[in-house]
There are 2 protein chains.
Amino acid sequence: MSDSSATHLFLRAANGEKTDRPPVWLMRQAGRILPQYRALRQKFPDFKAFVKTPEAAAEATIQPVDELHVDAAIIFSDILVIPEAMGLDYEMIEAKGPRFPKTIENHQDIAQLRSGAEAAASLEYVYQALRITKKELHGRVPLIGFAGAPWTILAYMVEGGGSKTFSKARKMLYAEPSQAHALLQKITDTTIAYLKQQVAAGADLIQLFDSWAGELAPAHYQTFAIPYLKQICDALPEVPKTIFAKGAWFALEELGQTSCQIIGLDWSTSPQFARQKLGDQKVLQGNLDPCTLYGNADTIRQETIKMVQAFQGRHIVNLGHGVYPDTPLDGVRVFVETIRGMRYEV
Amino acid sequence: MSDSSATHLFLRAANGEKTDRPPVWLMRQAGRILPQYRALRQKFPDFKAFVKTPEAAAEATIQPVDELHVDAAIIFSDILVIPEAMGLDYEMIEAKGPRFPKTIENHQDIAQLRSGAEAAASLEYVYQALRITKKELHGRVPLIGFAGAPWTILAYMVEGGGSKTFSKARKMLYAEPSQAHALLQKITDTTIAYLKQQVAAGADLIQLFDSWAGELAPAHYQTFAIPYLKQICDALPEVPKTIFAKGAWFALEELGQTSCQIIGLDWSTSPQFARQKLGDQKVLQGNLDPCTLYGNADTIRQETIKMVQAFQGRHIVNLGHGVYPDTPLDGVRVFVETIRGMRYEV
């Protein structure tokens, strides 16, 4: 099922060119929604062993392309490989999420972390997964590489896991801002080296996930997030970049001033609001509420079409968050097929 | 320390009158930040026994007035007394949060719930706590009553506890909207009866907490939240009402069309943005990032003053969320004292 027009579709849309229809992919499309993924996952004792096996990661990456006919593949991996590469090991606890046995508490902890190219060198298994995927895709669709945004990675390293309030990580920004900046810079240096290697290994586009952006006060997002996002985007001129800063509706103007081409929107942010803040230059990605896919086929079709009409072009279709693991596969299919069957009115 | 001018200050500000300085209180001020509270809490085997003992609830309510000199008291209770009154029992698990052994899954579950005055009659312990508090306050400061907003209560009743995504509760809105409306109406009827009794028992103002507002897509907030908030506000003409819909920046215009007098803001929403959406009629409450209080005294003072200046009047000072339990008491004191020492420039 080679489909070179679709390959081009995604990258043309990413570059802001006019297309017949918007391209479509889903955050977390390589994951538990697919029976093939669940079967593959069972071959590994834990999630991390899976992530660290390039052949398996490549297989998981390609599964949704075969099964759902999405217009892009995203490498199967985890944003927490960066703290690990810096020397902060984590465990992935089934049905609970990540946990760091040791967390970052002071300047000494930060000084001991590896960073930059030295840290990124330990992530060869990701680059190898990208190379295998690229080869096995045979150019059918472009390949997206990714990393966590520095603030989100700091939040995990300081909290030691997920959190309802992220008050420990946010406390560092108020009580020890110089520590926070030192840590953010080390994460940024590592992320840049990591993403350069991803591009060298075949990533056609890079997405930065700032999952906890919405927890920061607007002034803090300007101080502790935007400058590091800018550094990363500026360091990767060779590919289009997407920033998905969940909940950061208040920082759209500042995000619009970075050198990324694409801004991802969560489902609380209307495309009209985003356009008003961002202007016409950026391409927007998103933003159907993932829960829509629990509805019946008519509901999914209606809501999907309504969303595309609201964006009025310069749009890459996605959900407003990662697809939830218990989403019915049929719902996902209706979503993707609705987009694939659409044509923009001329 | 009778201070009848302060009593008037809070209610005058709530009614939109000019005051010399903004009043100040903190969400969760009756709680673990106070050593007196922690001592009192130890007398009870569990949190629910504490909530259900009117004398103890009254004592916890008054502690921050004595200790911090805040301008209002808020009755010590929990938003989950409503599901319990409707027949859905919950447990409060230490350091984890609430858990409902049984959850709402279908129309039959909803049909079996008690509602309205019948359900609210079982909450006599709250009304008694309000009467005791009112008497013991001797008019020093006004007394705030509260309830959860219907969508937030539905979310707990369907999820069975907190959640990272509230996907189960939101799924009901897409997949079974008539179930959702039936449940929301029963919650609303119960909440109205409950709040009328709170006012009869002495509450001077009512606050509705919509803690999970920010999880809903904007169209769903209009359909599944706003109509029920309107019913509640309209049913309580005798007191000022506050709606604190955390994360619902996208619904400010609709919130502005309810009959509440005061809109609470979280720390991601600037007063300028809120004024632009709400106009000049509403009083705004909030919105310092609770993490600010982890900073040193100078930081707290500066950020507090900066916030008050940004609001430019018609403002009740609070944090943008409940005060975090591990906040240093000295930080809370600096916050309150900074406000008490301020005077608006004429």
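**Confidence.** I keep in mind that this is a predicted model, with an ipTM of 0.93 and a pTM of 0.95. For chain A I noted an average pLDDT of 96, with 98% of the residues scoring at least 70.

**Relation of the copies.** I then asked how chain B can be laid on chain A, and found a turn of 180° with a shift of 0.0 Å along the axis, giving an RMSD of 0.0 Å. That is the relation of a two-fold axis. I also checked the interface residues of chain B, and 100% of them are also interface residues in chain A, so the copies meet through the same surface.

**The sheet, in chain B.** I traced an open sheet of seven strands in the order β1-β4-β5-β6-β7-β8-β9 in chain B, with parallel pairing. At its edges stand β1 (73-74) and β9 (315-319) of chain B, each with a single partner strand, so one side of each is left without a neighbour in the sheet. Further in, I followed strand β5 (residues 205-210) of chain B, which runs parallel to strand β6 (residues 241-245) of chain B and is joined to it by five bridges; Leu208(B) stands opposite Ile243(B) in β6(B). Helix α11 (residues 177-200) of chain B packs on the sheet, where it touches β4 (143-148) and β5 of chain B, and its direction makes about 170° with that of β4(B).

**Strand β5, in chain A.** Is strand β5 (residues 205-210) of chain A mostly covered or mostly open? I found it mostly covered, with six of its six residues buried. Leu205(A), Gln207(A) and Phe209(A) point one way from β5(A), while Ile206(A), Leu208(A) and Asp210(A) point the other way, and all are buried. I noted that β5(A) pairs in the parallel sense with strand β4 (residues 143-148) of chain A over five bridges, and that Phe209(A) is the bridge partner of Gly148(A). With strand β6 (residues 241-245) of chain A, β5(A) also pairs in the parallel sense over five bridges, and there Ile206(A) stands opposite Lys241(A).

Notes. Residues numbered from 1 in each chain as written. Chains lettered and ligands numbered in written order. Predicted model: local features only at pLDDT ≥ 70, side-chain atom pairs only at ≥ 80, totals over all residues. Least-squares fit on C-alpha atoms with pLDDT ≥ 70 in both. Contact = placed C-beta atoms within 7 Å. pLDDT = per-residue confidence, 0-100. Buried ≥ 20, exposed ≤ 12 C-beta atoms within 10 Å, placed from the backbone. Helix = DSSP H or I, 4+ residues; strand = E, 2+ residues; numbered from the N terminus. Pairing = 2+ DSSP bridges. Axes fitted to C-alpha atoms, helices over the stretch in contact; angles between N-to-C directions.
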